[in-house]
Amino acid sequence: MNIATLMEYPRPDEYCPVFIQQCVAFLRRHEHDNCAVVVTTDGRIIATAMTWIDELLFLQRLTYMVKQHYEHVSWWQAPVDYLRNFVLDADGACRHQIVHEVTETYATLAQQALKGIILDALTKHASDVHLQCRGDEVTVTFRIHGLLRPQGSRNRTFMSEVIAAAFNTQADDNPELFHEHRICAASFSVPIGEPFGHVRVRAQQSTCQLGYTVTLRIQQAISVEATSFQELGFSFIAEQYLRSSSKLSDGLIIFAGPTGHGKTTSLAAFNRLFPQSRKVISLEDPVEIIQPNIEQKYIAETATPGSFSRMVKIVLREDPDILAISEIRDAESAAAAVTASLTGHLVVSTLHASSPPAVLTRLQDLKVDAHRLIQNQVLKAVIVQRLVPILCSQCSLESEQLSFTGIRTINPNGCEDCCFHGISGRTLLAEVIAYEANTEIHVEATSTHAVAITGSLAEQAFQCLLAGEIDFEHALEYVPGFQAYYRQQLAHRQSHV
């Protein structure tokens, strides 16, 4: 037996995991005396002097077992205090590794489940995944072509782990850990594989009665550039006007519409028009569509209110030509957007508003003088858009509405081509309005001296209705002013019969 010196004491990571539990159990049996033993990774059995005297039989049995794992075994003696600390530290490290492996296994399973949900949503052409906790279950719903489709329910405990995996291990902009009773948001990418590649997902979580809800908004694949206006479905005249607008040196251009109707996608398409000779800075919360051609800056407006307005002042010192603001959401960001456009920059942004007049009213609510914006030629254009479900061309039914020919309606049973939904996609309706300065402009008046570049949303929806592309009820639901426009066209038709 060798007496170990300080230089010969093993390091904490040199414990043999095969025998650590036996050493821990031995230490517990002798917590009131000076007995302790450890086995190291190089085959050393180190025990206290008392152990060699009182527990020799135990050490003989231990030696026999150690020889089954190590060709060379040696015997050593060390102080009890050192060996106790060594055993306790080794036990803690061992348990940490076990917990880490178990946690990693669950995290891996949760990430796989998250990947499966996103893949299922992509396969079914869903734009959003809605998760709602109710009791012990989480109901899963997909938004497919603008309509909610139930997808069954999952176990609450496991789904909480899935959501935590998204927020805690994959998010690239979330400073807080996921908690069921906390409002939080995060963006992350999910490697799906071909043909989807890496898919960008935006998660928003909040509490509700008996649980919480999470909405996962599926963005484009990271490797894919922003879509062009033509690919989005903008009319030729709208696309040409927007192309000419991208060459402006200053002013404010606003894309408007409800949530989920493509404002951010259209804004990204507009950013795509700028040449490399112009510097574009985009302030976003969150970064939803990766755009390699511009400088995208994540602004934590949700966590730190007022960040947008403060960041506008900062980036104006970085010599930009164009400033893109992901959303005008409050008086501060509205004022910052106007200030930037007044200082010789072209500013493009989005706003939640239902129609061109509603955009002006919304700006007024945000303490911006819309009358002066138009008068001083600051507000250049407003693009209001809607995404309306397209009827399946294979199974749509002839409508009983006989006032106009060609009108069709949705087949509630659908067919195999439309996955039995009766809907085969969504079509874009985009109304483009340009504003001109005039000393007689009154925002409250019905006429705002606006120049209609395209037909109104209602007019475009009516043409789609006559072509049998959309359902009458969907037009009423999604398109502002459609009912009044339809009645006008119906009255006009009846007056000429």
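## Thr 40 and its surroundings

The side chain of Thr 40 makes a polar contact with the side chain of Asp 42, at 2.3 Å. A polar contact is a pair of N or O atoms within 3.5 Å; within protein, one must be able to donate a hydrogen and the other to accept it, and residues adjacent in sequence count only if both atoms are side-chain atoms. This is a predicted model: local features need pLDDT of at least 70, side-chain atom pairs count only at pLDDT 80 or more, and totals for chains, interfaces and linings use all residues. Residues are numbered from 1 along each chain as its sequence is written, and side-chain values use heavy atoms, with hydrogens and water left out.

Thr 40 sits in the loop between β2 (37–39) and β3 (44–47). Helices (H or I, at least four residues) and strands (E, at least two) are DSSP runs, numbered from the N terminus. Thr 40 is buried, at 0% relative accessible area. Buried means under 20% (1.4 Å probe, protein chains only). Leaving out residues up to four places away in sequence, Thr 40 touches Pro 10, Glu 14, Tyr 15, Cys 16, Ile 46 and Tyr 70, where contact means heavy atoms within 4.5 Å.

## Largest pocket

The largest pocket holds about 1800 Å³. A pocket is an open set of points on a 1 Å grid over the protein atoms alone, with protein on both sides within 12 Å along at least five of seven lines; a cavity is a set where a 1.4 Å probe fits but cannot get out, and lining residues have an atom within 4 Å of a point. Grid points are joined across faces, edges and corners, and a volume is the space filled by probe spheres set on them.

The pocket has 48 lining residues; Ser 127, Arg 217, Ile 218, Gln 219 and Thr 265 lie nearest its centre. β10 gives the largest share, six residues. The lining has 14 nonpolar, 22 polar and twelve charged residues. Ala, Val, Leu, Ile, Met, Phe, Trp, Tyr, Cys and Pro count as nonpolar, Asp, Glu, Lys and Arg as charged, and the others, Gly among them, as polar.

## Cavities

The whole structure has four cavities of 30 Å³ or more.

α5 gives the most, five residues.

Conventions:
Buried < 20%, exposed > 50% of the residue type's maximum accessible area, 1.4 Å probe, protein only.
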